[in-house]
Amino acid sequence: MPHRATAISPTAALSVIMLTVLVLVLPLLMGHRTPETLTLSGLVLLSGSALAVILAGWPGQRPWPLPGRGWWIFFGLFSLAVMAQIWPSRLLAGWFGPHPAALWQHPEFSPRHWSPNPAATLRGWATFVALFAIAWTAGSLGHRQRNWLWLTIVVMALFQALYGLLSHASGAEWIFSTWQRHNVEFVHGSFSNRNLFAGYLALTWPLAVAVWWLRDVPLLSRLPVELRIAGSVICGAIIGAALMASASRLGTTAGVIGLLVALLLWTRYRGHLKGAAVWPAWLAAFAAFLFATWYGLAPLTERLAITSMEESRFQVFGLMLTEFPARWWLTGVGLGGFEAVFRQIQPADLSGWYDYAHNDLLQWLLEMGLVGLVLLAMVVGAIFRHAAMRLERIPLYAGLAALVIVALGDFSWHIPATQVVLAIYIGVVVRPQRQRGYQG
């Protein structure tokens, strides 16, 4: 039967618009990673997610589906753990807090919180609430509404790649004439850090190739097949070249693996994709590597030729695994508490400011302990339980696979521009296969 278009209610449309605004605005604020810009991006994330939820459930409209039991269990378990970490209790601080003995012996000060940085813990919880709301809203959208999100994500990824390539080619020293570029010799879009830029592109690259073949995508689905093939190839080539020209070894590796995951899934399950052609996707991948060879491969090969890897990063991992007490890994040191506890064991020969562990998975487990492991298992379990080999979901699975690899050596999970796309992906892939999203 032919697909029947369903009208979108005004409030549902406004909710989608709020999510698209977040996708478009947050990457533009990543030009300088300071407390001020991070606070601004956090406020944008919180306010945008709140407006999206309010508009979604506006009175007088068709009822928006409430989160299921698994969502509430996840939300409640995480919130209770954070509440315990910031609750003013000397008992909790003494039992679970990662505080050095000198603090307890201080005549005028003694710890009163489990978390060594309650303000950071509270900010982390607020960010979680925003991302939870974004994931739930995205997962509740109908097929046609989600297509606007996919188109917006690809538009911003393509803008980042083009802006990065043009800025690099012109030798620009400023980002939007506002923030100074720290890595002029590499491509990094409007991000202050080329590794964070590469993580963002690795997450979005498979979708940029596949969006041309999704059903009912605005402006794209009605194009002739020849133009869709050209669009898929060109988008894949531009983003691939920018990713490799960033010279981020981890980000490029993750991006290539993510794209290969998408291509293999697309090829393996093409019989379930209603006759979708596979060869245009492989052509787009080939064009990406061809373009990258011409423009972006030289900086990457030079970086790969360096035998000394990020030694300080591995030193941090080693210190975390050997110097932190086992009890901290069981109970958690408190959300956002890594920086405070790492300073306790940071040796004098390891210079630098480590506000993140450069390993999102290790940092999450250290900060949240066994509770964090359970929460992570719940998300992974939901993804596998509701897995569906659909053309829409394949690039999402591939992007998530790429970002998991990035998480092994960087902190992209903490960057708002990447977080909002990640939340949208997860909200859709944990959605039950037979559940119909809100149509308005």
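The second largest cavity of this predicted model has a volume of about 40 Å³. Here a cavity is a set of points on a 1 Å grid over the protein atoms alone where a 1.4 Å probe fits but cannot get out, and lining residues have an atom within 4 Å of a point. This cavity is lined by 10 residues, and Pro206, Val209, Ala210, Ala262 and Trp266 lie nearest its centre. By class, its lining has 10 nonpolar, no polar and no charged residues. H10 gives the most to this lining, with 4 residues, while each helix in the table supplies at least two.

| Helix | Residues |
|---|---|
| H8 | 194-210 |
| H10 | 249-268 |
| H17 | 394-407 |

Helices are DSSP runs (H or I, at least four residues), numbered from the N terminus.

The largest cavity has a volume of about 60 Å³, and among the residues that line it are Leu29, His32, Arg33, Phe191 and Ile415. Its lining divides into 6 nonpolar, 3 polar and 1 charged.

Leu14, which lies in helix H1 (residues 10-25), counts as partly exposed because its relative accessibility is 40%, between the limits of under 20% for buried and over 50% for exposed.

Residues are numbered from 1 along each chain as its sequence is written. In this predicted model, local features need pLDDT of at least 70, side-chain atom pairs count only at pLDDT 80 or more, and totals for chains, interfaces and linings use all residues, while side-chain values use heavy atoms, with hydrogens and water left out.

Methods. On a 1 Å grid over the protein atoms alone, a cavity is a set of points where a 1.4 Å probe fits but cannot get out, and a pocket is an open set with protein on both sides within 12 Å along at least five of seven lines; lining residues have an atom within 4 Å of a point. Grid points are joined across faces, edges and corners, and a volume is the space filled by probe spheres set on the points. Ala, Val, Leu, Ile, Met, Phe, Trp, Tyr, Cys and Pro count as nonpolar, Asp, Glu, Lys and Arg as charged, and the others, Gly among them, as polar. Buried means under 20% relative accessible area, exposed over 50%, partly exposed in between (1.4 Å probe, protein chains only).
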